[in-house]
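Please find below a short note on the model under review.

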Amino acid sequence: MSATETAIASAEAHSAHNYHPLPVVVASAEGAWMTDVEGRRYLDLLAGYSALNFGHGNPRLIDAAKAQLERVTLTSRAFHHDRFADFCAQLAELCSMEMVLPMNTGAEAVETAVKTARKWGYRVKGVPDGMAKIIVASDNFHGRTTTIVSFSTDPEARADYGPYTPGFEIVPYGDLTALREAMTENTVAVLLEPIQGEAGVLVPPAGYLPGVRELTRERNVLFVADEIQSGLGRTGKTFALEHEGVVPDVYLLGKALGGGVVPVSAVVSSAEILGVFRPGEHGSTFGGNPLACAVALEVVAMLRTGEFQERAAELGDHLHRELGLLVGGGAVETVRGRGLWAGVDITPALGTGREISERLLAERVLVKDTHGSTIRIAPPLVISKEDLDWGLDRLRTVLSV
Ligand SMILES: *Cc1c(COP(=O)(O)O)cnc(C)c1O
């Protein structure tokens, strides 16, 4: 057996099969490239679902992590530490908000937002106890906790995990009328992805997100934007909502915030909204730890210059122009997305998304299918134009166009 086959057999024997990874075993990575245990190099067009926006082993982020590793890594929130204040202040400033509540994973940020919205509903809006409702969209992806899968419409993500958490209303994504009709006095929040990544990089119809903003403001309902995948440069702006000129009440951030080094997530909002928490009412042992803050501070500093957003916008235009040329040629049905982020619907006759991903793997390009015959392309924002073009060439080879 090859080193790859041995590693995969061992992983399958000793780990739960809650994933079905492509048959590649990565040993090291740098920038947009990964090297497997047999020395083969692959172009990474997934970037850890946007956790690796700044590329593998980004020197600024690795240096920030190393320096912090030698000072202090964990204090718990029982004590203050000297990276915390800067992290919160600078992240709040990047978001033009006032307060930050740091957690670790994206799902924890979503859970924190659910708690925030409910507590705000009872304490500030005056919703009767136990009656708070949160409206979400169909085909959402917000994480994997029992509460979050309770409002998933994906049978794979949800089946056999009941009893489910009540208090959520699901409306079709992109349908403002349905959203308006679902709202009641007890609605405390609308929780949405500005672009639905896992659903296949679905961009809602123009005007939808401004409409959600207007409606939530009118009805005294919080607009919670899950920018965990869409935010922090991916779409060519710091936040995907900026494309529509929309400012939400609450941002949920994660993935790229940890620079591909450590898990860092955050809820970012106003003092009025995050001010609902009192000591002891919510928390996390690792949330806002010194190592996480040091890395995320560097991420915020990198985003402040706008250079990564600009890069994503320019290379994204190029990516969408090139992918657009494939539409209608028989191999590609539709391309969606914004910036360096694309959902590509391959003609089903050419194979499932999984099969296309496996053929791209053989060509040394790593992507991930979403469902059906859709693949997503989301390279690290540091990818060079030449490497991106090389990856697009491999895609054309696989599609025989
Ligand atoms: C990945 C993701 C999450 C969950 O983040 P985890 O860190 O995997 O818990 C939530 N929302 C969106 C939009 C995501 O892409």
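The points below concern a predicted model.

1. Helix H13, residues 353-362, and helix H14, residues 385-398, have axes that come within 10 Å and cross at roughly 120°. H13 is therefore oblique to H14. As for handedness, the crossing in which H13 passes H14 is right-handed.

2. The contact between these helices involves Ile 356, Arg 359 and Leu 360 on the H13 side, which meet Arg 394, Leu 395 and Val 398 of H14. Sorted by class, the contact of H13 with H14 has 4 nonpolar and 2 charged residues, with no polar residue.

3. The second topic is the largest pocket, whose volume is about 1,500 Å³. Its lining consists of 46 residues, and those closest to the centre of the pocket are Tyr 19, Tyr 49, Phe 141, Arg 144 and Glu 198.

4. Which elements give two or more residues to the lining of the largest pocket? They are helix H2 (47-50), helix H5 (106-125), helix H7 (155-158) and strand S14 (368-369). H7 provides the largest share of this lining, with 3 residues.

5. How do the residues of the lining of the largest pocket divide into nonpolar, polar and charged? The lining of the largest pocket holds 16 nonpolar, 18 polar and 12 charged residues. For the helix pair, by contrast, the contact of H13 with H14 has no polar residues.

Conventions
Residues numbered from 1 in each chain as written. Predicted model: local features only at pLDDT ≥ 70, side-chain atom pairs only at ≥ 80, totals over all residues. Heavy atoms only, no water. Axes fitted to C-alpha atoms, helices over the stretch in contact; angles between N-to-C directions. Helix = DSSP H or I, 4+ residues; strand = E, 2+ residues; numbered from the N terminus. Parallel < 35°, antiparallel > 145°, perpendicular 65-115°, else oblique. Left-handed = near helix turned anticlockwise from the far one by under 90°. Contact = heavy atoms within 4.5 Å. Nonpolar A, V, L, I, M, F, W, Y, C, P; charged D, E, K, R; others polar. 1 Å grid on protein atoms, 1.4 Å probe; cavity = no way out; pocket = protein on both sides within 12 Å on 5 of 7 lines; lining within 4 Å. Points joined across faces, edges and corners; volume = space filled by probe spheres on them.
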